[in-house]
Each structure stands twice: as structure tokens, then as C-alpha cells.
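The sequence and structure come first, followed by the notes.

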Amino acid sequence: MALSLSVAPPVAAAAAATATTSRPSFLRPAPASPLRRGRRSTVVAMADILGDFGARDPFPEEIESKFGEKVLGNVDTLHQILIPTLSALSLARLPLQPGAEALSLDDARGLLLKVVGWRLVLSGDDGDERRRPARLQCVWKVRDEACGRELIARIGAALDGAAHAPAALEFEAPNQVRAELSTPSADGDCLTVNDFIVAARIDKVKTLDLIPKKRVWA
């Protein structure tokens, strides 16, 4: 009677043993409970659940600054992603610029997106190709004349000390306050960045308690 024995090579046996013992705990199947005998166990890799976060390539400026040599291996390095807030982007925080140049129509329209409720008033007649932004205008609806006077006082307090005052700020009966901003020049009224800075400061004035209350119908 002949016996046939198959012996695995020592190298293969050692590799199999190493693969079994060095497998991470989260890759090993959980021991089957008595109630779940006979069911096939499933191995789930946590890396597949989390996905591949990846990383971006460094910018040329970062490589040139040799930032990797400064932070590599330093466990105390603090990494922060700073997201600009609306107040950081606000024109109201900018100082007035002496000798500011007149804005073109395209530049004025771009800055108009940074203020609320204001509109451009152009110089010249319709169809004139030389029309340019001449004034910045805003109108508020208030409850009554007393609220209109209070709004004018608040705007004056917000602009106290500013070297660039509104060209017009007045109450118009029965319940309206109108403000106009412009910068005088040799060619007539024009708009500069200072007008938009002042408009942004006026936007921060509290008006909620002065405007008419909306009716809510049930």
C-alpha cells in the first residue's frame, strides 16, 4: 500500500503563517456566534468605507519656500484652513483713499455687488456712449417722518468723522429717506471707491425697527 504525502515548501508555509498573524484586526472576520453558525462571514476593510481622501500637489510658491523642511516630522505643527467671512470681505472695513480716481462703468458695476440696495445713476442721456456713473443712490421706506429723521441721525452717527459725506441725505414725504453719494471732479460728478466704502458703512446702520412692518395673513 503506497502512501502519498504532500508537504508545503518551508517558504510558502512561512508566508502563509505570516499573512495570518500579521493581518490587522479590522480585516479579520468576527468570530461566529452560536446563533449565526452556518452563515458566511464578510470581511469589510475600513479603508474602503472611508474612501481615499487624497491630497493636493503643492503650489510652486510652496515648494520654493521649502515649507516641507520646516514642518516635516514636527508633531506640534498646527494646520488651519482659514475661510474668509463676509465681514472680512466688506468694503466698510476699508479706509477712505485720498485722491481716488474715477471709476469706469464696469468697475462701478463690480463694486455695486458689494453693497445692498444701492443703484447707479449715470450721467448724460440714454444712448450716449460717454455716459459714466455719476451718483450712487439708495432709498429707504420708513413708517413715518419720525422714523425718517431717526434714520438720518443714525446714518450721520455712522459716518461721524468720515471725510466723505453723502451728497444728499434727506427725508421725502410721506415716508421715504433718500441718500446719494458722489465725488465732485473737474468733469462733473463721478464715483470713486470712497463712495462705495461709505455706502457699505451706511449698510451696517440698523433700520429694522424703522421700516414698515409686513402684515402676516393667517
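## A buried aspartate

The side chain of Asp195 reaches the backbone nitrogen of Thr192 at 2.8 Å. It also makes a polar contact with the side chain of His164, at 2.6 Å. A polar contact is a pair of N or O atoms within 3.5 Å; within protein, one must be able to donate a hydrogen and the other to accept it, and residues adjacent in sequence count only if both atoms are side-chain atoms. The model is predicted: local features need pLDDT of at least 70 and side-chain atom pairs count only at pLDDT 80 or more, while totals for chains, interfaces and linings use all residues. Residues are numbered from 1 along each chain as its sequence is written, and side-chain values use heavy atoms, with hydrogens and water left out.

Asp195 lies in helix α7, residues 193-203. Helices (H or I, at least four residues) and strands (E, at least two) are DSSP runs, numbered from the N terminus. Asp195 is buried yet has no salt bridge, and Arg135, the nearest side chain of opposite charge, is 10 Å away. Buried means under 20% relative accessible area, exposed over 50%, and partly exposed in between (1.4 Å probe, protein chains only). For charge, Lys and Arg count as positive and Asp and Glu as negative; His and the chain ends are not counted. A salt bridge is a side-chain nitrogen of Lys or Arg within 4 Å of a carboxyl oxygen of Asp or Glu. Leaving aside neighbours within four places in sequence, Asp195 is in contact (heavy atoms within 4.5 Å) with Leu136, His164, Leu181, Ser182, Thr183 and Cys190.

## Thr183 and its surroundings

Thr183 is found in the loop between β4 (176-181) and α7. Thr183 is buried, with a relative accessible area of 16%. Its side chain makes a polar contact with the side chain of Thr192, at 3.3 Å.

Not counting residues up to four places away in sequence, Thr183 touches His164, Gly188, Asp189, Cys190, Thr192 and Asp195. Thr183 and His164 are 19 residues apart in sequence, and their C-alpha atoms are 8.5 Å apart in space.

## Salt bridges

How many salt bridges does a search of the whole structure find? The search finds seven. One of them joins Arg135 and Glu180, with the closest N and O atoms 3.2 Å apart. Arg135 lies in strand β2 and Glu180 in strand β4, so this pair ties together parts that are 45 residues apart in sequence. Arg135 is partly exposed at a relative accessible area of 27%, whereas Glu180 is buried at 10%.

Glu180 also meets Arg178 in a salt bridge (2.8 Å, N to O). Arg178 counts as buried, at 16% relative accessibility. Glu172 forms a salt bridge with Arg178 as well, the closest N and O atoms being 2.6 Å apart; Glu172 counts as partly exposed, at 22% relative accessibility. Salt bridges that share partners join Arg135, Glu170, Glu172, Arg178 and Glu180 into one network.

## Aromatic pair and cysteines

One aromatic pair is found in the whole structure. The ring centres of Trp118 and Trp140 are 6.0 Å apart and the planes stand at 90°, so the pair is edge-to-face. Rings of Phe, Tyr and Trp (its six-membered ring) pair if their centres lie within 6.5 Å; planes under 30 degrees apart count as stacked, over 60 as edge-to-face and the rest as tilted. The pair links distant parts of the chain, 22 residues apart: Trp118 is in the loop between α5 (105-112) and β1 (119-122), and Trp140 is in strand β2 (residues 133-141). Both Trp118 and Trp140 are buried.

The count of disulfides is zero, a disulfide being a pair of cysteine sulfur atoms within 2.5 Å. Cys138 is buried, with a relative accessible area of 4%. Cys147 is buried too, at 8%.

## Backbone and overall composition

The peptide bond from Ala173 to Pro174 is cis, with omega near 5°. Most peptide bonds are trans. Pro174 lies in the loop between β3 (168-172) and β4.

The secondary structure comes to seven helices and four strands, in the order α-α-α-α-α-β-β-α-β-β-α from the N terminus. Buried residues make up 22% of the 218 residues in the protein. Among contacts between residues at least 6 apart in sequence, 60% join residues at least 24 apart.
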